[in-house]
Amino acid sequence: MMVRSLMASAALCGLLVLSNPAVAQSGLELDPLAATGRWSIPERSQARTPPMGWNSWNAFRTEVDEAKVLGAARAMVDSGLSRLGYTYVNVDDGWWLKRRQADGRLEIRTGLFPSAAIEGQDSSFRPYTDALHAMGLKAGIYTDIGRNACSQAYDLHSPNLPEGTTAEREVGLHGHVDQDIGLYFGEWGFDYIKVDACGINVYGPDTEVVRKYAYTPVTPLIDQAAINRTDVSAVRALYAEVAQALTTHNPDGDYILAICNWGSADVRSWGKDVGHLWRTSGDITPTWTRMLHNFDSASTRALYAKPGAWNDPDILFIGHGDFDQNHLTEARSHFTLWAMINAPLLISYDLRDAPQSLMDIWGNADIVRLNQDPGGHQGVIAYASDDVQIIVKTLSNGDKAVALFNRGLATTDVTLTAAQMKFAADAPVQLRNLWDQTGSTFTGETTFTLEPRQTLVFEASGARQLKDGVYLSEIPGQVNVAVDGVVAPEADPVVHRMRNAWGETRGSGERPTYTGWGGAQADATPYDQALRIAGQGFDTGIGVLANSRLEVRNAGHTRFEARVGVDDSTRNIKDKVRFQVYGDGELLAEITTMGFGEASRLLTVDITDVRLVELVARSETMNSDLPLVVTWADAALRR
Ligand code: GLA
């Protein structure tokens, strides 16, 4: 029985074996659930907290130039924003002129970046990056994983597109990964790279853009509407090649890789293993409902973000459209939400001329501090609805940040409970409002009235429900979903579906597109239900599919405890599961043959001196093809 079940789980997870190089390299191909005793995400010295800075795209698109960028940099320094942590200055699409055919070297559009023109020498960004570094800032550059970039398909009116023959206009990384990364990081001194994906998406044979502009046709690896027509492992392998080249050219680890394939190719599940951040959705636009869409694409993914690896719902659009200086409520909400879910804080506005009201938003030191808290715990949704959400983020000192978010257009009352912050209901909770600095205290619960689209955000302290430890769902930054048990990626239906971002309502509507549905969740099941085992509800825990393995970092706790069982929401009511707890690679405890409808059982495990706890849920039978949903209820590290 056991041998059969091992093979069954290996077969179920076959795809995952291939897509997890860490497992493949360790020779454990037959059993992807085998404990490894190690944290499988590469240790990264950069982006230990979400990257902060500025990006040219939402402000200037391809009309970027050196004066605009250095002006933003100067304003960041002079205003004090850089002291708050806004240090990356990222040039997006639009900087390039052509790829020189003699040797493949990229040439800069020196008309836009005059300091790159050096008499008698190849164009170079070195004077520009030197200038940024001298200001105490860091420099970011943009490229594409394919032959051509996004502007070459979408900004065709621009005077700043790459010029020349078909080959000269192939400015993306295709065929030049090592050469370009060496140039950008070795010779030019960049610190950050955003790698877009239009080159493997929109230049298919028979497309009008390819015919009209004589681009090399590339059979798309990504179909944003169909995961089954997307070559997930090929896309991942291309980004992994870039990650490898970055390691080679930056032996000191001083670089950031931002994967920009808009939530396609199941990147929401594997981005953490390859890059420092990965886009979870398509481009943000300066509209409220698109902001909701981008927020939702990342807000349910707390367990996938951690120091060195962040969900990226896109650069900020504060200052424009629905988030301009006449819509400060919306702008503050956008900023607070990004801060709470540990999104990168990349301003994209012409900072040479920014109203003080906007500077005060980006410059809210308290809210920046939440985002930059060294624990790296993304906020978790404590109250979910389409109208109102309550998001709670655990800070490294044990306090909480809590955001009350009114998504809609009606004024509404929102009741916050101590329990939603995992504080005791019978002890006072102190709140400090981070927009107006007012303080208040409540016991049990308190109610606020929120204006349309308003977000209130507080720092909160109280008596912890769990006095001798911490729940795993409070510390997502210390939990890695090494294997999530998803057999076939499915689109996530919980993301807000605004009308086409460009306004049209032709066709049949906006459909769920970003896979990751069924991934592990904090305080919810993988399919966004409340946790429940045999009729008993749990506010706290990790919801995951069977045939999964979670890695949990431990520093000093001596006991792991959870109540485990098959979740009532499972569609598979036929199969049995085995729950196993490993410490530094050794099996410490297990509970076997649990099935649907059985009351939860308690696992208590001594983890004294254990540094890595692994939680494995393994199918023992295969009577159904349906996913088996399991719950590690109240899972906690305790003393
Ligand atoms: C894509 C990206 C954007 C931006 C543009 C540049 O749309 O998602 O963030 O970089 O390309 O062309």
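The largest nonpolar core of the predicted model holds 107 residues. Such a core is a set of buried Ala, Val, Leu, Ile, Met, Phe, Trp, Tyr and Cys residues joined through side-chain atoms within 4.5 Å; buried means under 20% relative accessible area (1.4 Å probe, protein chains only). Tyr86, Trp95, Phe113, Tyr184, Phe335, Leu351 and Trp362 touch the most other members. Helix H14, residues 328-340, gives the most to this core, with seven residues. Helices are DSSP runs of H or I, at least four residues, numbered from the N terminus. Apart from this core lies another, of 38 residues, including Leu303, Phe560, Val630 and Ala635.

Trp362 has contacts (heavy atoms within 4.5 Å) with Leu81, Leu84, Tyr86, Leu316, Ile318, Phe335, Ile347, Tyr349, Leu351, Ala354 and Val368, leaving aside residues up to four places away in sequence.

A polar side-chain atom of Asp283 lies 2.5 Å from a ligand oxygen. The corresponding distance is 2.7 Å for Asp93 and 2.8 Å for Asp196. Taken alone, the ligand exposes 300 Å², of which the protein buries 94% (Shrake-Rupley method, 1.4 Å probe).

Residues are numbered from 1 along each chain as its sequence is written, and side-chain values use heavy atoms, without hydrogens and water. Local features need pLDDT of at least 70 and side-chain atom pairs 80 or more, whereas totals for chains, interfaces and linings use all residues.

Terms used:
Buried < 20%, exposed > 50% of the residue type's maximum accessible area, 1.4 Å probe, protein only. Helix = DSSP H or I, 4+ residues; strand = E, 2+ residues; numbered from the N terminus. Polar contact = N/O pair within 3.5 Å; in protein donor to acceptor, adjacent residues only side chain to side chain.
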